[in-house]
Amino acid sequence: MTDARDTIAAISTAPGEGGIAIVRLSGPCAEKILRAAFRPANAQADLSGRRLTYGAAVGAGGEALDEAMAVLLRAPHTYTREDMAEIHCHGGEACAAAVLRRVLSLGARAAGPGEFTRRAYENGRVDLSGAEAVMQIIGAQGEAARRAALRQMRGGVASFVGEVVGKLTDMLSRIQAAVDFPEEVDEAAVGAQAREELDEIAARIERRADPRRARMLREGASVVLCGRPNVGKSSLMNALLSAERAIVTDVPGTTRDVLSERFTLGGKVVRLSDTAGIRESEDAIESMGVERARGEVEAADAVLLVLDASQPLREEDRALLRDVDERYILCLNKRDLIERLEEGELPDAPVVRLCARTGEGVEELLARLAERLRAGGGEEECFTVERQLRLAREAAALLRDCARALGEGFSPDVAAPDILKACELLDNVTGRDASEEVISAIFANFCVGK
């Protein structure tokens, strides 16, 4: 646990040059230190008004360290629920470091990683899932990730966990009543109802604890271009990115490795990868590229299978079409040429006719891709942190086992200990029963100053 009696300080803005740098303080001496380290331009200025005041950060001899603004925030209406103060100086390492040295010389202690947010957690302002959401929102890639982190920070995950634990607690009370009052409570009816509810609750948890959805929100979606050589994958990549990123030639097998770039689509970050043309080859280097291409396709969230519409299907195309599943969009390229591909040979999958060289059909493909990614990674409340995913999936597995045991005729009271264990696992998501070791490990990954 942190020592709530001391006052901590840190530079809260990112290192490097910038317009503004912020030195933040939290603790009982925040106001005293601020008044010693900051001199308002107007001697009558009221620092207690929760408004930025213009003046100068000053050294021990009263000399100006930098032109600055300052604000004083009093508990409990602050981020940490302690008295807080901020000095806003010019960006860059020198000014902020000078102000930080000054406040440390006045009795503040240098804050550790995540110590401001840890104090917010320990003072009841946020639960553990909300604290983790702070780092999620700082590192959010794309609008979807930002929205998901903001919902979690505002209690989305905590609300869901509270609802589920409440239902499980009510179930445990009914099971206990069946044990204590067998003459009045029908144990078989209680068991049948509990089995149905347990399966339903487990399914809800599993939907929100999908590792692929969580990764798509945290890191962005993986989209892979695949196809046999010389069908226009690299040209399509350039068209999708609106940039000449991939080398395009008429020579089959130009792409020997996986080439990846990021862009934003519908608020989601997308990692688009161009892969080696998939075919049998005696060239050792090309064969390695083909194996990597197959691995990328297998792990992708969406696959753009590119076919040359100006030629009949080849055996290499048919081999790739046999792997088509719900992740695929078929891209019939080179529509500016005479079409010789028979659509009757294609599997049931979304089809987009396009010309990567001219850009015709690319907007339609982007719209289809955005729709595909929305279907695979919706924004329903979900667990996005690895720790939360592990706890939730373990709880869901326990509930599935309980439902299965009740279906096999076991008494409801036999399932009660595992239901209670599932409640404890879910409580750990929000930190209600988290150990000091777990809490310390979480905040150790935070940046200093947050």
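**A walk through the predicted chain**

The protein chain holds 15 helices and 13 strands. Both are DSSP runs numbered from the N terminus: helices are H or I with at least four residues, strands are E with at least two. The model is predicted, so local features need pLDDT of at least 70 and side-chain atom pairs count only at pLDDT 80 or more, while totals for chains, interfaces and linings use all residues. Residues are numbered from 1 along each chain as its sequence is written, and side-chain values use heavy atoms, with hydrogens and water left out.

Start with the whole chain. Of its 450 residues, 47% are buried. Buried means under 20% relative accessible area, exposed over 50%, and partly exposed in between, with a 1.4 Å probe and protein chains only. Contacts come next; a contact means heavy atoms within 4.5 Å. Among contacts with a separation of 6 or more, 65% join residues 24 or more positions apart.

Seven strands form it, in the order 3-4-5-6-2-1-7, and the pairing is mixed. Its edge strands are strand 3 (38–40) and strand 7 (109–110), each pairing on one side only. Two strands pair if DSSP finds at least two bridges between them. Strand 1 (residues 8–11) runs parallel to strand 7, and two bridges join them. Here Ile-8 has Arg-109 of strand 7 as its bridge partner.

Strand 4 (residues 53–58) contains Gly-55. Why does Gly-55 count as buried? Because its relative accessibility is 7%. Leaving aside residues up to four places away in sequence, Gly-55 touches Phe-38, Arg-39, Pro-40, Ala-41, Glu-67 and Ala-68. Its C-alpha atom lies 9.7 Å from that of Ala-45, which is 10 residues away along the chain.

Move on to strand 11 (residues 302–308). Seven of its seven residues are buried. In a regular strand the side chains alternate between the two faces of the sheet. In strand 11, Ala-302, Leu-304, Val-306 and Asp-308 point one way. Val-303, Leu-305 and Leu-307 point the other way. Strand 11 has parallel partners. Strand 8 (residues 221–226) pairs with strand 11 over four bridges, and Val-224 stands opposite Val-303. Strand 12 (residues 328–333) pairs with strand 11 over six bridges, and Leu-305 stands opposite Leu-330. Strand 11, helix 11 (residues 315–321) and strand 12 make a right-handed β-α-β unit. Right-handed means that, with the strands pointing away from the viewer, the path from the first strand over the helix to the second runs clockwise.

Next comes helix 15, where Phe-443 is found. Phe-443 is buried because its relative accessible area is 3%. It touches Pro-113, Gly-114, Thr-117, Arg-118, Tyr-121, Leu-128 and Ala-131, not counting residues up to four places away in sequence. Ala-131 is 312 residues from Phe-443 along the chain, yet their C-alpha atoms are separated by 8.5 Å.

Finally, look at the second largest pocket. A pocket is an open set of points on a 1 Å grid over the protein atoms alone, where a 1.4 Å probe fits, with protein on both sides within 12 Å along at least five of seven lines; lining residues have an atom within 4 Å of a point. About 210 Å³ of space lies in this pocket. Its lining is Glu-132, Met-135, Gln-136, Val-385, Arg-387, Val-438, Ala-441, Ile-442, Asn-445 and Phe-446. Helix 4 (128–138) and helix 15 (436–444) each supply at least two of the lining residues.

How values were computed
Points joined across faces, edges and corners; volume = space filled by probe spheres on them.
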